[in-house]
Amino acid sequence: TCPPAASIPTYISASYFDTINEVIYIAGPFNDLSGTPRNGFAAINAVNGNLLSWAPVLNNGLVKAIAKSGDTVFVGGSFSQINSTPRGRIAAMSATTGNLFNVFATGTGSVNDTVMALQVFGGKLYVGGRFTNIASVARTNIARLSFAGIADTWAPAVSGPVQKFGVFPNNIAALSKNYSNESSDLFSILISSGAESLRAQSEPL
């Protein structure tokens, strides 16, 4: 169980299941798990449920998305600091030690931004959310970064904040919020060029 702190609710805001190593990574506004100190991040053995030693510190904000490649855990959200080090809504840390890697130091351009979705595919990190600038490059709500945190020329146009990703042959699916008519839009985006096509739209509220 996750006993709540005195002044904030306790819940899991993001999770990622590493099926290869059978580890579940979680994040949220908690400060302990079953009486063991954990400040916003934790890792759990998926086989026996034991809490692992991985324990980065989320200093503020929320984590909304987690992805992983090799020994790197990528996190995105509304935070501005992890492990007492500035990180603007996106960060990369060691899956072994929890230490931050010296990448993604720039992050998004505004404290009002939120990274909502992360997807690792083809040696790249796809980033979605609500932002107009990331890695010191103008990008609106969606971007593709190297694992070193550098944006390439891939720059689709979507209707609003990207909340989810999916991967299909030659395409990335992106679910975005369309505030103009209060609906959700599903885009299919070519991995090669970034050309986007609207595939589906929910009924307006």
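This is a predicted model: local features need pLDDT of at least 70, side-chain atom pairs count only at pLDDT 80 or more; totals for chains, interfaces and linings use all residues.
The secondary structure of the chain consists of 19 strands and zero helices. The radius of gyration is 17 Å, close to the 17 Å that the globule rule gives for 205 residues, so the chain is as compact as a globular protein of that length.

**Overall dimensions and packing**

- Of the 205 residues in the protein chain, 47% are buried.
- Among the contacts in the chain with a separation of 6 or more, 32% are accounted for by residues 24 or more positions apart.

**Charged side chains**

- The protein chain carries 12 positive and 10 negative side chains, and the centres of these two sets lie 5 Å apart.

- Asp18 is placed in strand β1, which covers residues 14-18.
- With a relative accessible area of 5%, Asp18 counts as buried, because the cut-off for that class is under 20%.
- When its neighbours within four places in sequence are left aside, Asp18 is in contact with Val23, Tyr25 and Lys68.

Key:
Residues are numbered from 1 along each chain as its sequence is written. Side-chain values use heavy atoms; hydrogens and water are left out. Helices (H or I, at least four residues) and strands (E, at least two) are DSSP runs, numbered from the N terminus. The radius of gyration is taken over C-alpha atoms; the globule rule is 2.2 Å times the number of residues to the power 0.38. Buried means under 20% relative accessible area, exposed over 50%, partly exposed in between (1.4 Å probe, protein chains only). Contact means heavy atoms within 4.5 Å. Lys and Arg count as positive and Asp and Glu as negative; His and the chain ends are not counted. The place of a charge is taken as NZ of Lys, CZ of Arg, CG of Asp or CD of Glu.
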